[in-house]
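Thanks for making time this morning.

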Amino acid sequence: MSTYIFDLVRQGEHDMLDFKHSITDAQKIAKSLVAFANMNGGKLLIGVKDNGTISGIRSDEEFYMIQTAAHLFCKPEIRFSTDTWYIDGKTVLEITIPKSLDKIYYAKDTDGKWRVFIRVNDSIFLANRILLKVWKQRRRKRGTYIRYEDTEQLLLDYLNEHKKITFHKFRKIANISPSKAERILVNLIVLNLIDIIFTDTGTFYTLKNSKQ
């Protein structure tokens, strides 16, 4: 069954797969668990280097550290499943985290505060207020209604021409308050008219399915 692990490794790291050479910090790995659960779920392969080399885990402490992370540093507690694979005398732990269907998961940050993390491609980002409001609004049973005004049209016209915009840029060109800008962005995302994009250089808003 080692071919199963090799098939996963060949995929490389992506939004639902992460490699970890080892686990040395339960609080840090909690962010990975939460980030997977808040998005589409995913797998951690412990004992695999970033370049895909099978290094193997050092001891059973790796598993217990993940248990500690899920129990103490995730809120609510993350439920995961574990499989153990033996490849050329080395042990690889496969940790599977299911996608959350009705909860938002928080991880305890180094400053002691509970924060929401997400995984995009092979990176972890801190979720912003707009995304959190989108999630909460989508989980409500009643629909979303908006009053389509000049401000909404201004935003859509800008995105049609410039492809993307930041929250602060939107506020500036529309000359509106932060709360109104936030409300408009949330509503348009919920209605699947625009997307929120997290990148290493910042958070942007684009037309739905537009090419960057």
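Predicted model: local features only at pLDDT ≥ 70, side-chain atom pairs only at ≥ 80, totals over all residues.

Residues are numbered from 1 along each chain as its sequence is written, and side-chain values use heavy atoms, with hydrogens and water left out.

S3 and strand S6, residues 106–108, run antiparallel and are joined by two bridges; strands here are DSSP E runs of at least two residues, helices H or I runs of at least four, numbered from the N terminus, and two strands pair if DSSP finds at least two bridges between them. The open sheet has three strands in the order S3-S6-S7, with antiparallel pairing. Because S3 (74–75) and S7 (114–115) are the edge strands, each with a single partner, one side of each is left without a neighbour in the sheet.

Turning to the cores, meaning sets of buried (under 20% relative accessible area, 1.4 Å probe, protein chains only) Ala, Val, Leu, Ile, Met, Phe, Trp, Tyr and Cys residues joined through side-chain atoms within 4.5 Å, the largest has 31 residues, and Ile130, Leu155, Phe170, Leu185, Ile194 and Tyr205 touch the most other members. Among the elements giving two or more residues to this core are helix H5 (150–162) and strand S11 (194–199), but H7 gives the most, with seven residues. Apart from it lies another core, of 24 residues, including Leu33 and Phe36.

Methods
Buried < 20%, exposed > 50% of the residue type's maximum accessible area, 1.4 Å probe, protein only.
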